[in-house]
Amino acid sequence: MTKRYWNITLEEMMEAGVHFGHGTRKWNPRMAPYISAKRKGIHITNLTRTARFLSEACDLVFDAASRGKQLLIVGTKNKAADSVERAAIRARCHYVSKKWLGGMLTNWYTTETRLHKLRDLRTEQKTGRINCLPKRDAAMLKRQLSHLETYLGGIKYMTGLPDIVIIVDQQEEYTALRECITLGIPTICLIDTNCDPDLADISIPANDDAIASMRLILNKLVFAICEGRSSYRRNS
């Protein structure tokens, strides 16, 4: 894997509140190596380790993007959804920001069938065919299209299983993480002090509740992905 410099500073991470963990009563003992202190009943994350693992994650996504691989970003809680959508669109990645449907990856055949249906309905809407149907049938298809757009709109161009999955909140997206583990898909995961650092391939210790913290981590990864995409285009 290519080693590069990603300009990750402790100052910007502190400004974004990346170092703030959960209360000391609400923690996973496996996170002990990633915690540097306790302050006013809150665990403080060791930002030196955050910078190290974030840098490793940037190297991984840069290499993947420079080889034209498919990346998927997952973050469905309200605080994360907007940042996930913006990051994915900027980096031209697939994303899930509303709800993870169980089996989305492990039952890929069903997901693919739904994606075909979504594309067909979008085509029918664009060509005006839906509006030519009886009102009741048209309304039913429009509801179906709206439902599919809500939950699968971020992966509508995904043609197969992703090569890497970036997960913004381990506990919130545990089902998605387990599916990736089952399928052997490499994962990058933001982990707060109440998470298990041993589940993902690269775990980035960080505050997964603050929007500024999540946005900073995603921005670093997006920059690395965009750099990789540029390299891929130059070498094509």
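The sections below cover the overall fold, the surface and charges, the domains, and then individual residues.

## Overall fold

The model is predicted. Its secondary structure consists of seven helices and eight strands. The radius of gyration is 19 Å, close to the 18 Å that the globule rule gives for 236 residues, so the protein is as compact as a globular protein of that length. The C-alpha trace spans about 65 × 45 × 30 Å along the principal axes.

Of the contacts in the protein with a separation of 6 or more, 65% are made by residues 24 or more positions apart. Buried residues account for 51% of the 236 residues.

## Surface and charge

The accessible surface of the protein is about 12100 Å². Carbon and sulfur atoms contribute 49% of this area.

Among the side chains, 36 are positive and 25 are negative. The centres of these two sets lie 4 Å apart.

## Domains

Two domains are assigned. Domain 1 is made of residues 13-102 + 164-222, and domain 2 of residues 108-153. Taken over C-alpha atoms, the centres of domain 1 and domain 2 are separated by 33 Å.

## T111 in helix α4

T111 is part of helix α4, which covers residues 108-127. Is T111 buried or exposed? T111 has a relative accessibility of 3% and therefore counts as buried, the cut-off for burial being under 20%.

Leaving out residues up to four places away in sequence, T111 touches G103, M104 and I155.

D192 sits in the loop between β7 (187-191) and β8 (202-205). Although D192 is in a loop, its relative accessibility is 1%, and D192 therefore counts as buried.

Which residues does D192 touch, not counting residues up to four places away in sequence? One part of the list is F20, G21, H22 and M31, and the other part is A206, N207, D208 and D209. A separate distance concerns V222, which is 30 residues from D192 along the chain; the C-alpha atoms of D192 and V222 are separated by 20 Å.

## S36 in strand β2

S36 belongs to strand β2. With a relative accessible area of 44%, S36 is partly exposed.

Apart from neighbours within four places in sequence, S36 is in contact with I44, T45 and N46. Strand β3 is assigned to residues 42-45, and I44 and T45 are among the contacts of S36. S36 and A210 are 174 residues apart in sequence, and their C-alpha atoms are 19 Å apart in space.

N7 has a positive phi of about 50° and lies in the segment before α1 (10-15). The relative accessible area of N7 is 43%, so N7 is partly exposed.

K40 also has a positive phi, near 50°. K40 is placed in the loop between β2 (35-39) and β3 (42-45). Is K40 buried or exposed? At 83% relative accessibility, K40 counts as exposed, because the cut-off for that class is over 50%.

Methods. Residues numbered from 1 in each chain as written. Predicted model: local features only at pLDDT ≥ 70, side-chain atom pairs only at ≥ 80, totals over all residues. Heavy atoms only, no water. Helix = DSSP H or I, 4+ residues; strand = E, 2+ residues; numbered from the N terminus. Rg over C-alpha atoms; globule rule 2.2 N^0.38 Å. Buried < 20%, exposed > 50% of the residue type's maximum accessible area, 1.4 Å probe, protein only. Contact = heavy atoms within 4.5 Å. Areas by Shrake-Rupley, 256 points an atom, 1.4 Å probe, with all protein chains shown as cover. Lys, Arg positive; Asp, Glu negative; His and termini not counted. Charge placed at Lys NZ, Arg CZ, Asp CG, Glu CD. Domains from an automatic or database assignment.
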